[in-house]
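This report covers one protein model.

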Amino acid sequence: MDVNLTHPIYSIVGKVADEMGIRAFAVGGVVRDYFLGRHSTDIDIVCVGDGIELARRSAASIDNREVHIFKNFGTASFHYLYEGENWQIEFVGARKESYQHDSRKPHVCDGTLEDDQNRRDFTINAMAVSINSDDFGTLVDPFGGIRDLDAGIIRTPLDPSITFDDDPLRMMRAIRFASQLGFRIEEHTLEAIKQQAQRIEIVSMERINVELNKIILSPHPSLGFKLLQLTGLMDIIFPEFSRLKGVETVGQRGHKDNFFHTLEVLENVAKHSDDLWLRWAAILHDIGKPATKRYDERIGWTFHGHEVKGSKMVRPIFKRLKLPLDNKMKYVEKLVLLHLRPIVLAEDIVTDSAVRRLLFDAGDDIDDLMTLCQADITSKNEVKVKRYLDNFQLVRQKLVELEERDRIRNFQPPVSGDDIMQAFHLSPCHEVGVIKDHIKDAILDGIIPNEREAAWKMMVEEGAKLGLHLDGENVDSQS
């Protein structure tokens with residue numbers, strides 16, 4: 001089979017390889033994506049020879065562009081601008097690898113194309129296409145990668161037990177590709193993951209979370225999570241999520257399986273947003289339920305305070321998974337903490353005061369919070385779902401109206417702590433906080449407008465109640 005490689009870099013590198021007297025091939029993901037019709041801007045070139053030298057000479061034949069060399073890995077790369085896109089071209093010499101059981105770092109030596117294809121993770125990533133002039137575009141597919149692409153199968157080229165024992169991260173990659181492509185993992189390959197799952201412990205969490213985040217960002221992330229659970233990998237890398245699984249029953253009363261409920265919420269969010277951190281908020285929104293589960297004879301199962309417990313679990317989970325402990329984490333904490341608030345509003349009378357407080361607490365994340373909360377409605381009771389959705393529309397409408405009228409989002413009270421201290425000649429003290437909070441609450445409850453004159457008047461009144469009085473020079477300072 002011939003492959004129509006149209007990117008000019010193939011001919012450029014192929015000509016250099018001819019001059020060097022070596023064989024060169026496009027390999028891996030770029031070949032897979034060609035057959036899947038997926039766009040890719042990363043091109044991997046393997047040659048039976050010196051990959052670094054091929055990279056240097058190829059770059060020089062274009063315009064002596066900068067080549068990034070990684071001698072420890074025997075690789076080199078450079079960037080190539082083509083049709084307005086910045087392509088990364090990476091080179092490596094064909095090699096074969098051998099592993100020791102207690103390390104995922106292989107012993108590497110020069111090899112043939114066959115050796116190089118043998119070490120690839122999956123058949124769909126082990127295809128190569130010649131870029132030498134005498135057989136340009138010829139496909140080399142010794143493991144039936146095309147067949148597995150057509151069948152939608154993830155399979156290892158060699159014995160899967162050896163493949164995963166050599167590099168345990170490939171187990172995560174198998175699940176990631178299944179989730180991204182909607183493929184199924186071949187039976188023997190899946191069984192090998194179950195048997196080798198414990199080996200994932202020798203892989204750094206930084207490399208694991210790269211694959212986990214790609215699963216989360218896939219079109220149907222729940223497929224990947226179900227496979228992680230089925231294979232036992234979830235118990236090792238993300239045990240808090242595993243603990244959501246299962247239903248406990250007392251008499252005729254059981255609660256829903258929060259594992260599968262959370263996956264429904266994740267899928268619902270994925271329909272509306274490809275934001276990684278909003279999807280993480282969906283994953284963690286009920287993570288506090290196992291720790292707060294109680295049985296009440298009168299009302300059945302309860303999870304009181306699970307949103308508070310869950311928000312406190314975000315940081316230790318992010319820390320262990322080596323996820324960022326910055327504003328992204330704080331955003332997830334906030335959404336987990338607030339995720340019940342819009343639902344409570346949708347269950348009750350939607351008051352201006354409650355909506356103002358929601359808008360104040362959520363700030364710029366209000367739209368994402370509403371997306372998460374609407375995704376959280378997974379009841380099979382159609383009447384209940386319709387009532388929730390109708391009330392959600394009322395909440396959304398009020399959010400828009402109140403934001404336009406009262407400018408509550410991210411607001412600061414129009415009278416600040418400094419204003420209060422200057423007006424009453426105070427140092428920082430308890431009374432300053434009392435007055436400021438009273439003004440804030442009055443604005444959120446609609447008692448006074450979000451304006452300085454009204455806030456200043458209330459400051460004077462509340463100060464008087466506390467025995468504080470303005471002196472003459474501060475009487476008119478509200479302007």
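## A tyrosine in a strand

Is Y80 buried or exposed? Y80 is buried, with a relative accessible area of 12%. Buried means under 20% relative accessible area, exposed means over 50%, and partly exposed lies in between (1.4 Å probe, protein chains only). Y80 is found in strand β4. Between Y80 and T41 there are 9.7 Å in space, C-alpha to C-alpha, and 39 residues in sequence.

## Basis of the model

The model is predicted: local features need pLDDT of at least 70, side-chain atom pairs count only at pLDDT 80 or more, and totals for chains, interfaces and linings use all residues. Residues are numbered from 1 along each chain as its sequence is written, and side-chain values use heavy atoms, with hydrogens and water left out.

## Overall form

The protein chain holds 24 helices and 15 strands. Its radius of gyration is 30 Å, well over the 23 Å that the globule rule gives for 479 residues, so the chain is more spread out than a compact globule. The radius is taken over C-alpha atoms, and the rule is 2.2 Å times the number of residues to the power 0.38.

The C-alpha trace spans about 95 × 65 × 40 Å along its principal axes. Buried residues make up 50% of the 479 residues. Helices (H or I, at least four residues) and strands (E, at least two) are DSSP runs, numbered from the N terminus.

## Positive phi in two loops

Most residues other than glycine have a negative phi. E83 has a positive one, near 50°. E83 sits in the loop between β4 (75-82) and β5 (85-93). E83 is exposed, at 68% relative accessible area.

H425 also has a positive phi, near 50°. Its loop runs between α22 (417-424) and α23 (430-444). H425 is exposed, with a relative accessible area of 55%.

## A positive patch

Which residues form the positive surface patch? They are R315, K319, K322 and K330. Patch residues have over 30% relative accessible area and no salt bridge, and like charges are joined within 9 Å. A salt bridge is a side-chain nitrogen of Lys or Arg within 4 Å of a carboxyl oxygen of Asp or Glu. Each charge is placed at NZ of Lys or CZ of Arg.

K322 lies in the loop between α16 (306-320) and α17 (327-338). K322 is partly exposed, with a relative accessible area of 48%.

Note on methods. Patches are made of residues with over 30% relative accessible area and no salt bridge: like charges are joined within 9 Å, nonpolar side chains (Val, Leu, Ile, Met, Phe, Trp, Tyr) within 5 Å. Accessible areas come from the Shrake-Rupley method with a 1.4 Å probe; for residues, only the protein chains shown count as cover. Lys and Arg count as positive and Asp and Glu as negative; His and the chain ends are not counted.
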